[in-house]
Amino acid sequence: LEEMDKWTGALRKCDSIIHLAAIRGEKFVSWKTYYNVNVKSTERLLKEAIRLAIPKFIFFSTVGVFGTSPKQLPADENTVYNPDCNYHKSKMLAEKAILALSRGEKAGTKVIIFRPTITYGPRDTGFLYNILRYASKGIFPIIGNGSNLIHLLYINGLTQAIVNAVSSSQRHQASIYNIADRRPIMYRDLFPIIRDILQRPIRIIRVPRLPLLLVAKLHDYVLAPLYRGKSMTISSKIVSLPWYYAINKAIKELGYEPYDTISAVRETIRWYLENSAL
């Protein structure tokens, strides 16, 4: 917050602000830090945009505002908030602050809130990359039976959605969009894709879901504070519970063109291999 005065003057000539900065994931940092960075700084940035009459403010939230596994499936833009970690909670509060400011009398700046799901693609070191690292060592973990539906997002689809949002003729003062690939896949469907492209023996390791979640909670409350580690509970939920979303609104209003996950995952794995990135 203290640094913002040094660069807000540079915003004067902007047509759009695309706000992606945040503390991501469930790092072991204080709630106060999450709140100041992800909520208060976002609120202050939008206030500055409104003051300078910048036409458009695009904010990156997360589908995590519905919880890691939403109670309503597929979750749409009107699904109730149900955040289950500090990161998700901070994004929910940032959304609420943005929507409140956008309804103000002087709010000429139009707001778009993106809720992307877990993103993958070349150079990423997140969800898919970590699964590939296990697979490259000959292991593919499946929690339960692996039939849980997961809904990923290819990076090229997300970048095109941003371009569309910047150039769109927005009717509403504030709009919210879920962004994901064309359709969800079962978690276990990743296994044959990875095995076929890596061309090496990979052994499936099956782990019961409930014991894993209990161990994860123990880790988060006892071990994580000691070494400031990430939440094992959220990671365990991601690989064992269903999470998928309705994206019709983004397709209809933004002209969003979602990618096919199977094809895009194949291209991403090939990139990692060609660039010796595993």
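## Parallel sheet

Ile 18 stands opposite Ile 58 in strand 2. The model is predicted: local features need pLDDT of at least 70, side-chain atom pairs count only at pLDDT 80 or more, and totals for chains, interfaces and linings use all residues. Residues are numbered from 1 along each chain as its sequence is written, and side-chain values use heavy atoms, with hydrogens and water left out. Helices (H or I, at least four residues) and strands (E, at least two) are DSSP runs, numbered from the N terminus.

An open sheet is formed by 4 strands in the order 1-2-3-8, with parallel pairing; two strands pair if DSSP finds at least two bridges between them. Strand 1 (16-19) and strand 8 are at the edges with a single partner strand each, so one side of each has no neighbour in the sheet. From one strand to the next, the twist averages 15°.

Strand 1 and strand 2 run parallel and are joined by 4 bridges. Strand 2 (residues 56-60) pairs with strand 3 in the parallel sense over 5 bridges, and Lys 56 stands opposite Lys 110 in strand 3. Strand 3 also pairs with strand 8 (residues 174-179), again parallel, over 6 bridges; Pro 116 has Ile 179 of strand 8 as its bridge partner. Of the 7 residues of strand 3 (residues 110-116), 6 are buried, so this strand is largely enclosed by the rest of the structure. Buried means under 20% relative accessible area, exposed over 50%, and partly exposed in between (1.4 Å probe, protein chains only).

## Helices on the sheet

Helix 4 (residues 155-167) lies across strand 1, strand 2, strand 3 and strand 8, and runs at about 155° to strand 2. Axes are lines fitted to C-alpha atoms, for helices over the stretch in contact, and angles run from 0 to 180 degrees between N-to-C directions.

## Nonpolar cores

The largest nonpolar core has 42 residues, and those with the most contacts inside it include Phe 127, Ile 150, Tyr 187 and Ile 269. Such a core is a set of buried Ala, Val, Leu, Ile, Met, Phe, Trp, Tyr and Cys residues joined through side-chain atoms within 4.5 Å. Elements that each supply at least two residues of this core include helix 2 (86-102), helix 3 (127-136), strand 5 (139-143) and helix 7 (232-240). A second, separate core of 18 residues includes Ala 49, Phe 57, Ile 98 and Leu 101.

Leaving aside residues up to four places away in sequence, Phe 127 touches Ile 118, Ile 150, Leu 152, Tyr 187, Leu 190, Ile 238 and Val 239; contact means heavy atoms within 4.5 Å. Buried residues in helix 3 include Phe 127, Leu 128, Ile 131 and Ala 135. The buried residues of this helix pack against elements including strand 5, helix 5, helix 7 and helix 9. Gly 138 follows helix 3 and has a positive phi, near 90°.

## Helix 5 and helix 9

The axes of helix 5 and helix 9 come within 10 Å and cross at roughly 35°. Residues making the contact include Leu 190, Ile 194 and Ile 197 of helix 5 and Ile 262, Val 265 and Ile 269 of helix 9.

Thr 268 lies in helix 9 and is buried, with a relative accessible area of 0%. The side chain of Thr 268 reaches the backbone oxygen of Ala 264 at 2.8 Å. Not counting residues up to four places away in sequence, Thr 268 touches Tyr 120, Gly 121, Pro 122, Leu 128 and Tyr 154.

Key:
Polar contact = N/O pair within 3.5 Å; in protein donor to acceptor, adjacent residues only side chain to side chain.
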